[in-house]
Amino acid sequence: MSTKSETSAPVKPNWLKVTYDQKKVDQMNDLLSGLKLNTVCAEANCPNLGECFGSGSASFIILGPNCTRACRFCDVPHGHPHEVDLLEPLRVAEATKKLGLSHVVVTSVDRDDLPDLGADQFVKTINAIKELNPNTTIEVLTPDFQGHEDCSIK
């Protein structure tokens, strides 16, 4: 006879449990991987990845996965950046169309190594999305561009 009382693990409240469609998440990962696109969800290790990908939404990160800064509060990888991919804007637009997104979020890593700090890639991405998806709204979250008001290529 055991004197040790048996207790079960505490039951978590429903609002703390996250459920999502793993098949949709896998499809989203395959699509984004096939198009060589980066997202905040994946690059920043967002805990809501399953919820967003499961519902068919994503926040795109343009200009590669590596940031040129190492901010302590951010989980995006930093280090030597990749070359600017001139076809990336078109692939973001294609992903938007394939996913049937009515609203797109576009952000980027900091690219302090570029003469325009990455501003031109934002313009090209916005234009490509609008060209293929004229009814899609676009939310743009830019880096600080080092405080420069004019980031045109010199």
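Reply: A residue is called buried when its relative accessible area is under 20%, exposed when that area is over 50%, and partly exposed in between. The model under discussion is predicted. D110 has a relative accessible area of 12% and is therefore buried. Its partner is R69, and the closest N and O atoms of this salt bridge are 3.7 Å apart. R69 belongs to the loop between β2 (59-62) and α4 (88-99), whereas D110 belongs to the loop between β3 (103-108) and α5 (119-132), so their contact ties together parts that are 41 residues apart in sequence. In contrast to buried D110, R69 is partly exposed, at a relative accessible area of 22%.

R69 also forms a salt bridge with D112, where the closest N and O atoms are 2.8 Å apart. This pair likewise links distant parts of the chain, since D112 lies in the loop between β3 and α5 and R69 in the loop between β2 and α4, 43 residues apart. D112 counts as partly exposed, with 29% relative accessibility.

A further salt bridge joins the side chains of D120 and K124, at 3.0 Å from N to O. Both residues are in helix α5, and because they are 4 residues apart, about one helical turn separates them. D120 is partly exposed at a relative accessible area of 27%, and K124 is partly exposed at 37%.

Through salt bridges that share partners, R69, D110, D112 and D144 are joined into one network. The count for the model comes to 6 salt bridges.

Technical notes
Residues numbered from 1 in each chain as written. Predicted model: local features only at pLDDT ≥ 70, side-chain atom pairs only at ≥ 80, totals over all residues. Heavy atoms only, no water. Salt bridge = Lys/Arg side-chain N within 4 Å of Asp/Glu carboxyl O. Helix = DSSP H or I, 4+ residues; strand = E, 2+ residues; numbered from the N terminus. Buried < 20%, exposed > 50% of the residue type's maximum accessible area, 1.4 Å probe, protein only.
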